[in-house]
Amino acid sequence: MCGNEALAEAAIIAGCDAYFGYPITPQNEVPAYMARRMPQEGRVFVQSESELAAISMVFGASATGKRAMTSSSSPGISLMQEGISYLAGAELPAVVVNVMRGGPGLGNIAPSQADYFQATRGGGHGDYRTIVFGPSSVQELVDCMILAFDLADQYLMPVMVLADGILGQMMEPVVLEKKTSRELPAKDWALTGAKDRDQNIVRSLWLKEGALEAHNNKLQARYEQIQRDEVLCEQYEVDDAEIVVVAYGIAARIVRGAVTRARAEGIKVGWIRPITLWPFPTEEINKAADEFRIFLNVEMSSGQMVEDVKLAVAGKTPVAFHGRPGGGVPTVDEILDKIRQLTLRAKIPV
Amino acid sequence: MKTVFKRTPTLKDCVTHYCPGCGHGIAHRLVAEVIDELGIHDRTIGIAPVGCAVLAYDYLDVDMVEVAHGRPPAVATGMKRTNPDKIIFSYQGDGDLASIGAAEILHAGHRGEQITVIFINNAVYGMTGGQMAPTTMIDQVTATTPRGRVGAEQGYPLQVSELLATLPGTIYIERCSVHDPAHIRKSKKALRHAFELQVDGAQGMSLVEMLSPCPVYWRMPPAKAMEWIENEMTKVFPLGRLKG
Amino acid sequence: MTGKDFYEEIVIAGFGGQGIMLAGKLLAQTAMRAGKEVTYMPSYGAEVRGGTANCMVVIADREIACPVVSKPDSLIVMNKASLNKFGPRLKNGGLLIMNSSLIDSKPELDDSIEVVAVPADELAVELGSHKSANMVAIGAYLQKREYLTPEDAAQALPETIARRYHKMLGVNIEALRKGGEFVRSCCGV
């Protein structure tokens with residue numbers, strides 16, 4: 001089962017009631033899988049006329065209290081930003097998968113991590129955030145999908161799963177099961193027909209003076225809570241490390257290969273791998289920067305997450321960067337070379 | 001004393017934000033009356049557009065959502081597909097339905113979504129200050145056609161209902177008007193039929209277009225606006241059943 | 001060839017339609033059945049038929065770091081363009097399985113690389129199925145590497161290929177065996 005199919009099956013396990021999507025490479029296995037599986041489960045699959053429509057269909061299903069998702073790749077996700085902003089404003093849960101490809105523009109269909117800014121800064125208009133996962137294996141992709149539906153319902157907001165062409169296409173053994181369940185609030189806001197109760201309204205327009213500011217403050221308070229409670233990251237051999245490599249997603253897998261080899265050469269190197277990209281593991285990185293260590297950020301972009309790493313390090317230690325934009329994939333050797341170079345720098349007393 | 005007319009419960013008891021002489025108030029009342037007469041208040045979900053009717057949920061006492069400009073038919077698709085037992089209607093203006101949402105209405109009709117669409121055609125963008133709409137008449141002066149609409153430059157009035165009637169997925173399309181009592185009664189009949197089709201589970205989309213006055217941006221008094229519908233608009237947008 | 005340090009990175013390449021992806025999936029499935037860690041990564045391009053196709057498989061007895069293979073331990077190439085592209089990336093001391101039916105020249109590679117030339121197309125045609133050349137190559141590869149056998153692959157085949165192609169199971173299993181036999185007889189394994 002490839003990553004795209006695994007994430008689709010994970011959504012079904014998570015209780016996704018409806019999938020809406022529009023074809024785009026490299027995530028076409030998702031709609032194809034859903035077209036077959038959702039009707040088998042008595043659930044909804046619609047191929048929409050555009051990504052604008054797909055995210056609006058998600059909006060509609062979600063407004064009635066159903067679990068809904070869509071998936072796309074970078075150019076399609078740009079079109080979906082309208083609906084994602086409306087979901088955030090209207091406090092509606094949804095799961096959006098971005099199997100990233102090279103950009104800007106039509107770019108190419110090679111794997112990429114160039115949509116980090118778009119995903120972690122909200123992406124569309126207005127002061128909002130989305131929870132963003134950056135899984136680095138097919139198993140983690142599955143686990144993140146299942147968690148994403150719960151988080152969306154808990155915090156009433158869109159949750160994005162950032163994968164890339166490699167993760168979507170690769171196959172790995174995977175266990176498909178829902179491991180944990182959260183206690184979730186009742187959806188008493190859902191549009192189900194005003195039977196024996198007052199009318200429910202789902203809206204993002206707040207015209208009365210001060211009303212939108214109050215609404216934004218409410219959202220921000222929720223985002224603060226998420227930053228406190230929902231950060232996920234993995235650390236490996238950071239304690240004695242002179243160099244700490246930070247990477248997420250498939251880039252982190254390549255980093256792992258390089259770090260393993262560097263350790264074999266006797267270089268003291270470890271890694272920190274954010275699993276949630278927003279909320280970002282700022283505290284964990286800041287703590288690791290208390291000791292003098294050189295941070296190396298590796299991304300399949302010209303440098304996006306590196307800004308968050310620098311903010312987290314807060315000037316305590318240097319942050320180096322190695323990136324490959326436009327669908328370029330860094331090799332283990334490239335990263336290993338970079339680590340070796342930094343070792344020389346680490347030895348210079350400050 | 002005998003009550004011959006009263007506010008129907010689904011229409012809220014409040015003053016609307018609509019301008020004097022606007023047709024939205026009439027259209028809202030008709031929708032509310034039909035919902036109450038069909039006894040579907042408890043299972044109806046309405047979709048408000050971006051446009052003058054964006055606050056429709058302040059006047060219609062059913063579950064409602066307000067959505068992005070042009071996207072009501074896609075939102076309605078998401079709702080109806082996941083809730084086939086609910087009655088879903090979208091209430092859209094000409095900018096919302098015929099311009100920015102042209103793809104959404106076309107494809108919802110094309111897929112034969114079992115929804116009811118209420119299309120208010122007042123030949124102008126009201127909310128944003130009277131700009132040209134796809135349905136703006138030739139020679140009509142608007143904020144963005146200061147010398148009047150010229151077909152060769154800005155296109156001709158778009159007859160969306162005729163276009164949608166060609167799709168196999170649409171089952172009922174009728175163009176009505178709210179410019180006088182007789183036509184208001186006809187409009188209500190059409191709306192009732194459109195909702196009934198959905199209640200009966202008929203396979204496809206139904207749409208009622210209503211020609212509606214916008215005296216402020218037509219730059220004429222309300223009574224004159226009603227005459228303009230009768231004398232001018234109906235020439236380009238002929239009334240009657242286009243399908244079903 | 002197994003143990004904690006076992007870590008085999010494989011690239012399989014050819015032109016579209018040669019069953020490159022299926023060969024990779026079969027290898028991955030076979031290894032997974034044997035309880036090994038495994039990743040499979042296809043190239044995906046605009047091409048559906050023709051063009052080039054390749055996939056990367058990593059098989060190990062410990063957790064796999066990176067599914068992207070830049071320097072393979074083993075390379076299976078089914079046509080000349082693929083040999084030209086991936087040959088130079090082979091690790092020194094690595095293994096090259098090449099389809100000599102479609103590659104006429106001797107590759108210019110480091111002396112430490114072991115080259116096994118398998119006339120995969122001819123052997124497949126002998127079995128009456130020219131499409132099974134990929135299976136011949138996989139059989140030869142497994143026979144050579146020995147951490148799994150062509151028989152293991154035969155066991156994994158039914159769950160790797162779509163049910164509608166199950167009528168082809170028999171000939172493909174024969175092809176896997178034939179690849180193995182070829183290596184046993186020609187290379188003195």
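Contact here means heavy atoms within 4.5 Å. The views show a predicted model, in which local features need pLDDT of at least 70, side-chain atom pairs count only at pLDDT 80 or more, and totals for chains, interfaces and linings use all residues. Residues are numbered from 1 along each chain as its sequence is written, chains are lettered from A and ligands numbered from 1 in the order in which they are written, and side-chain values use heavy atoms, with hydrogens and water left out.

**View 1. The fold of chain C.** Chain C contains six helices and six strands; helices (H or I, at least four residues) and strands (E, at least two) are DSSP runs, numbered from the N terminus. Their order along the sequence is β-α-β-β-β-α-β-β-α-α-α-α. The radius of gyration of chain C, 15 Å, is close to the 16 Å that the globule rule gives for 189 residues, so chain C is as compact as a globular protein of that length. This radius is taken over C-alpha atoms, and the rule is 2.2 Å times the number of residues to the power 0.38. Among contacts in chain C with a separation of 6 or more, 59% are between residues 24 or more positions apart.

**View 2. Burial in chain C.** Of the 189 residues of chain C, 54% are buried, a term for under 20% relative accessible area, with exposed over 50% and partly exposed in between (1.4 Å probe, protein chains only).

**View 3. Where chain C meets chain A.** Chain C brings 18 residues to this contact and chain A brings 21 residues. About 1500 Å² is buried between the two chains, 68% of it from carbon and sulfur atoms; buried area is the accessible area (1.4 Å probe) that two parts lose on being put together, summed over both. Y40(C), Y44(C) and A65(C) supply 35% of the area that chain C buries against chain A, more than any other three residues. Chain C has no contact with chain B, and the closest C-alpha atoms of these two chains lie 27 Å apart.

**View 4. Helix α2 of chain B.** Ten of the eleven residues of this helix (residues 72-82) are buried, so helix α2 of chain B is largely enclosed by the rest of the structure. Among the buried residues are P72(B), V75(B), M79(B) and T82(B).

**View 5. The surroundings of T77(B).** T77(B) is part of helix α2 of chain B and is buried, at 0% relative accessibility. Leaving aside residues up to four places away in sequence, T77(B) touches M57(A), A108(B), R111(B) and E113(B).
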